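Student: Can we go through this model together? I'll ask as we go.

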Amino acid sequence: MSGHGRFITLEGGEGAGKSTLLAGLREHLEGRGVDLLLTREPGGTALGEAVRAIVLDPTRHELCAESELLLMFASRAQLVRETIAPALAAGQWVLCDRYVDASYAYQGGGRGQPAERIAALEQWACAGLKSDLTLLLDLPVTTGRARAAGRGAADRIEVEADGFFERVRATYRARAAAEPQRFRVIDASQSPEAVLRDAIAATAHLFGATS
Ligand code: Z5A
C-alpha cells in the first residue's frame, strides 16, 4: 500500500466513462468518510496543466513521439512529488484520472515507444509510486469513439485512427492480465450504474487493509 492513504487510478480508452465514474466513485468514497483528493493526468498541477495544453493541442504537429512521452512523464514527476505523495503520506486517498499505465498504452502501444524505455522513465519519474488499485474501463473502440464524438473538436490524440486506439486497448488489457492483483477490469459497455457498482465492489478490499 502507498503511504497511509490509498492510491486509485482510472484508465480506459476514449469515451470509456472515466469522468462519469469519477463523480459517482467520489460520492461513494466520501460517503464512507474517506478524505479524498481528485486529480488527473496529464495535469493536476500548474506545470502539468501547461503540459496538458501542449500535448492535446491539435495544431502542435511538430511534437514527436519521444517529446510526447517525455512531456507525459514531466507532468507525472511533478504531480507525484507536488500532490500525490504528500497527500498519501498525510492519510488522504487519491483518485487519479489516468496514471503511468496510460503511457504504456498510448505512447507504448499507440505510438510504438519501447516498453523498456517507459519502464525506465517510470522508475525514475514516479519514485516507486504504484497505484494500489487500477480500474480499467474496457470498451470496444468504436463504442467509445461514438460516445466521445458529440463533444466537439477532437484533441491531438483523439484524431488518431482506430488502429491506434485498438493498440491502446490491447496494451491496457495485456497489462491488466499481467498484474491481476492491481487491476480490476470493468465492462464499460454496461450502464453507468452498473459500472459504478462494479467499481465500488472493486474498492471494497482497500478499506480492510489498514496501514
Ligand atoms: N494520455 C497519454 O497519451 N499518455 C499518458 O500518459 C496520459 C494521457 C496520462 C487526455 O486524457 C488524453 O491524454 C487521452 C490520453 C492521453 N487521449 N485520448 N484520446 P483524458 O482522460 O483527459 O481524456 P479522454 O481519454 O479523452 O477521456 P474522455 O474521452 O473524456 O472519456 P471519459 O472521461 O472516459 O468519458 P466520459 O466523459 O465519462 O463519457 C463520455 C461520454 O459517454 C459522455 O457523453 C457520457 O455521458 C457517456 N457515458 C459515460 N458512461 C457511459 C455508459 N456507461 N454508458 C453510456 N454512455 C456513457
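Student: Which residues does isoleucine 8 touch, not counting those up to four places away in sequence?
Tutor: Ile8 touches Leu29, Trp93, Val94, Leu95, Cys96, Leu133, Leu135, Thr203 and Leu206. Contact means heavy atoms within 4.5 Å. This is a predicted model: local features need pLDDT of at least 70, side-chain atom pairs count only at pLDDT 80 or more, and totals for chains, interfaces and linings use all residues. Residues are numbered from 1 along each chain as its sequence is written, and side-chain values use heavy atoms, without hydrogens or water.

Student: How many residues does the largest nonpolar core have?
Tutor: 21, with Ile8 and Leu135 making the most contacts inside it. A nonpolar core here is a set of buried (under 20% relative accessible area, 1.4 Å probe, protein chains only) Ala, Val, Leu, Ile, Met, Phe, Trp, Tyr and Cys residues joined through side-chain atoms within 4.5 Å.

Student: And which elements each supply at least two residues of this core?
Tutor: β1, α1, β3, β4 and α8. Helices (H or I, at least four residues) and strands (E, at least two) are DSSP runs, numbered from the N terminus.

Student: Which residues of helix α6 are buried?
Tutor: Val141, Gly144, Arg145 and Ala148. They pack against α7.

Notes. Buried < 20%, exposed > 50% of the residue type's maximum accessible area, 1.4 Å probe, protein only.
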